[in-house]
Amino acid sequence: MSSSNGNIPGDDRNYRGVRCRKQGKWVSEIRVPGSRDRLWLGTYRSPEAAAVAHDTAFFLLRGPSSSKGLNFPDRAANMQWVSLSPRSVQRVASESGMDFDAKLIGQSSQIYEREESSNGDGFGPFGDGSLNYDGYEDISVDDMEILM
């Protein structure tokens, strides 16, 4: 995989059931076996998270003997198959993709924290451990819209 940034359109990662939108977000969907219906599995920040959602849905829809169609077949050993409705499969798969994305985001924020602390700066954009902007404390999103 030659691309260094996983969130750019045209990335050369080819996971089953995953595609990149123009905005750089990754989406996943899957066809329900025996029907023309598709299940929308969600939008994710990383292609790996979208692939995890696809794998979860694929495994739950097709059963444990279907590991050949998975993006990460080694993860199937940790999965337990249960018969679920397509709607429930959609929910479980979406949650697994979001969990994976959250773990990736958590790992990248830990790297950011380590880099900041190694530079002698505190965590936060101002190096003092705070996240306050221009002396404002506890600003909500609505307040930020008013300030802008």
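The model is a predicted one: local features need pLDDT of at least 70 and side-chain atom pairs count only at pLDDT 80 or more, while totals for chains, interfaces and linings use all residues. Residues are numbered from 1 along each chain as its sequence is written, and side-chain values use heavy atoms, with hydrogens and water left out.

Valine 18 belongs to strand S1 (strands are DSSP runs of E with at least two residues, helices runs of H or I with at least four, both numbered from the N terminus). When residues up to four places away in sequence are not counted, valine 18 touches Trp26, Val27, Ser28, Pro47, Ala50 and Ala51; a contact here means heavy atoms within 4.5 Å.

## The aromatic pair

The structure holds 1 aromatic pair. Rings of Phe, Tyr and Trp (its six-membered ring) pair if their centres lie within 6.5 Å; planes under 30 degrees apart are stacked, over 60 edge-to-face, and the rest tilted. The pair consists of tyrosine 15 and phenylalanine 72, and it is tilted because the planes stand at 50°, with the ring centres 5.5 Å apart.

This pair links distant parts of the chain, 57 residues apart: tyrosine 15 sits in the segment before strand S1 (18–20), and phenylalanine 72 in the loop between helix H1 (47–62) and helix H2 (86–118). Tyrosine 15 is buried, at 15% relative accessibility.

## Asparagine 71

Asparagine 71 is located in the loop between H1 and H2. With a relative accessible area of 16%, asparagine 71 is buried. Its side chain reaches the backbone nitrogen of arginine 16 at 2.6 Å.

Apart from neighbours within four places in sequence, asparagine 71 is in contact with Tyr15, Arg16, Ala51, His54 and Asp55. Tyr15 in this list is also a member of the aromatic pair, and Ala51 is also touched by valine 18.

## Salt bridges

A search of the whole structure finds 3 salt bridges, each defined as a side-chain nitrogen of Lys or Arg within 4 Å of a carboxyl oxygen of Asp or Glu. One of them joins glutamate 29 and arginine 19, whose closest N and O atoms are 3.5 Å apart. Glutamate 29 lies in strand S2 (residues 26–31) and arginine 19 in strand S1, so the bridge ties together parts that are 10 residues apart in sequence. Glutamate 29 is partly exposed at 23% relative accessibility, and arginine 19 is partly exposed at 41%. Glutamate 29 also meets arginine 38 in a salt bridge, at 4.0 Å from N to O; arginine 38 is partly exposed, at 48%.

Another bridge is formed by glutamate 95 and arginine 91, with the closest N and O atoms 3.7 Å apart. Both residues lie in helix H2, 4 residues apart, which is about one turn of the helix. Glutamate 95 is partly exposed at 37% relative accessibility, as is arginine 91 at 47%. Through shared partners, salt bridges join Arg19, Glu29 and Arg38 into one network.

Definitions and conventions. Buried means under 20% relative accessible area, exposed over 50%, partly exposed in between (1.4 Å probe, protein chains only). A polar contact is a pair of N or O atoms within 3.5 Å; within protein, one must be able to donate a hydrogen and the other to accept it, and residues adjacent in sequence count only if both atoms are side-chain atoms.
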